Amino acid sequence: MWNKVFIFLLLSILSVYHLNAQDGIITFEVGSSTVTLLSEGQRTGGTNVLEGATEEMIKQAIPEGAYPSATNVFLIELAGKVMLIDAGLGKKTIENLELFGKKASDVDAIFITHLHGDHIGSLALDNVKSYPKATIYLSKPEYDYYMNDETLNNLPENRRGGILNMRKLFDIYKNQLTVFTPGEIDNANALIPGIKGVAAYGHTPGHAGYLLESDGSSLFFWGDLTHAMAIQMPFPEVALVYDTDKTQAIETRQKLLKYVADNNIRIAGAHIQFPGMGDLKKNTSHGYKFTLTCSCEGQYPDTK
Ligand SMILES: [Zn+2]
């Protein structure tokens with residue numbers, strides 16, 4: 001009898017999770033455009049992936065030793081175009097689009113921040129192109145890194161598969177790929193009217209952010225500029241083991257955090273907990289204070 005009650009309770013909790021996971025879709029207006037979070041899931045990160053976090057910093061920022069994290073894709077609708085920032089893990093991106101009434105074949109453009117698996121997962125499933133008409137925007141240093149034979153030759157044989165798979169992906173999208181050189185956030189060129197490609201190198205060689213500007217409002221999609229907001233906001237000098245060039249990643253983060261805080265630009269991140277966006281202010285002492293756009297809390301199952 002108690003077993004049955006336990007199973008019933010467990011199923012109830014799981015179904016609440018499921019409902020919350022669907023609530024992972026939330027839309028915001030940015031000028032005359034709309035931005036919708038297509039959440040691929042919420043999770044908790046640990047201190048084992050942090051680099052340069054002292055015990056004092058951890059005690060102050062994340063005394064419980066863990067912090068909220070997520071995997072996010074953002075849908076932008078601007079001037080009749082359907083566009084994505086990143087393509088997620090590939091687990092739920094297309095399903096999420098459909099929940100929102102859009103098909104992969106409706107997508108006109110995808111702006112890729114960098115080529116890690118949790119940002120490009122839905123581009124091709126089983127080597128079949130998912131987005132038949134989307135222009136794929138990718139920064140030149142990121143593209144060059146994967147196309148450079150030196151990158152390949154410097155890797156041990158058992159780690160070359162990732163580079164070769166990426167080249168296969170480029171080939172799948174060869175007629176849709178637009179490779180661009182990102183600019184500095186204060187004078188980057190528009191890739192299309194309303195969206196600029198911004199250099200944010202360090203996490204990967206060509207990591208890029210995208211600045212959406214519409215009718216005087218703006219939103220900066222900063223990709224993986226941060227992974228652990230709870231500690232990297234008060235201490236931007238904390239890096240992640242996944243950062244390719246940690247020194248450059250820290251410098252880039254310091255520079256861009258200052259710019260968006262000074263200019264009151266709202267930001268959205270690939271690994272910021274629900275709803276994936278918010279605003280930051282400079283602390284008087286050190287670092288920044290981040291506030292989520294809404295306090296729409298939810299408990300989500302681990303999806304990683
Ligand atoms: Zn990532």
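**The chain as a whole**

The structure is a predicted model, and its chain of 304 residues, of which 41% count as buried, contains nine helices and 18 strands. The mean pLDDT of the chain is 90, and 89% of the residues reach 70 or more.

| Stretch | pLDDT | Contacts beyond four places or near neighbours in sequence |
|---|---|---|
| Residues 1-22 | under 50 | eight contacts |

**The seven-stranded sheet**

An open sheet of seven strands runs in the order β1-β2-β4-β5-β6-β9-β10, and its pairing is mixed. At its edges lie β1 (25-30) and β10 (177-180), each of which pairs on one side only, while the twist from one strand to the next averages 25 degrees. Within this sheet, β5 (residues 81-85) and β6 (residues 109-111) pair in the parallel sense over three bridges, and I85 stands opposite F111 in β6. Helix α5 (residues 140-147) packs on the sheet, where it touches β9 (135-139) and β10, and its direction makes about 85 degrees with that of β9.

In soluble globular proteins, nonpolar side chains tend to be buried together. In this model the largest nonpolar core has 72 residues, and those with the most contacts inside it are F74, M83, L84, I110, F111, Y210 and F221. Strand β4 (residues 66-78) gives the most to this core, contributing seven residues. If neighbours within four places in sequence are left aside, F111 is in contact with M83, I85, Y137, I195 and Y210; two of these partners, M83 and Y210, are also listed among the residues with the most contacts inside the core.

**A closer look at T36**

T36 belongs to strand β2 (residues 33-46). Is this residue buried, partly exposed or exposed? With 19 other C-beta atoms within 10 Å, T36 is partly exposed, because a residue counts as buried if 20 or more such atoms lie within that distance. Not counting residues up to four places away in sequence, T36 touches I25, I26, T27, F74, L75 and F100. The C-alpha atoms of T36 and I26 are 5.4 Å apart in space, although the two residues are 10 residues apart in sequence.

How values were computed:
Residues numbered from 1 in each chain as written. Predicted model: local features only at pLDDT ≥ 70, side-chain atom pairs only at ≥ 80, totals over all residues. Helix = DSSP H or I, 4+ residues; strand = E, 2+ residues; numbered from the N terminus. Buried ≥ 20, exposed ≤ 12 C-beta atoms within 10 Å, placed from the backbone. Contact = placed C-beta atoms within 7 Å. Core = buried A, V, L, I, M, F, W, Y, C linked by C-beta atoms within 7 Å. pLDDT = per-residue confidence, 0-100. Pairing = 2+ DSSP bridges. Axes fitted to C-alpha atoms, helices over the stretch in contact; angles between N-to-C directions.
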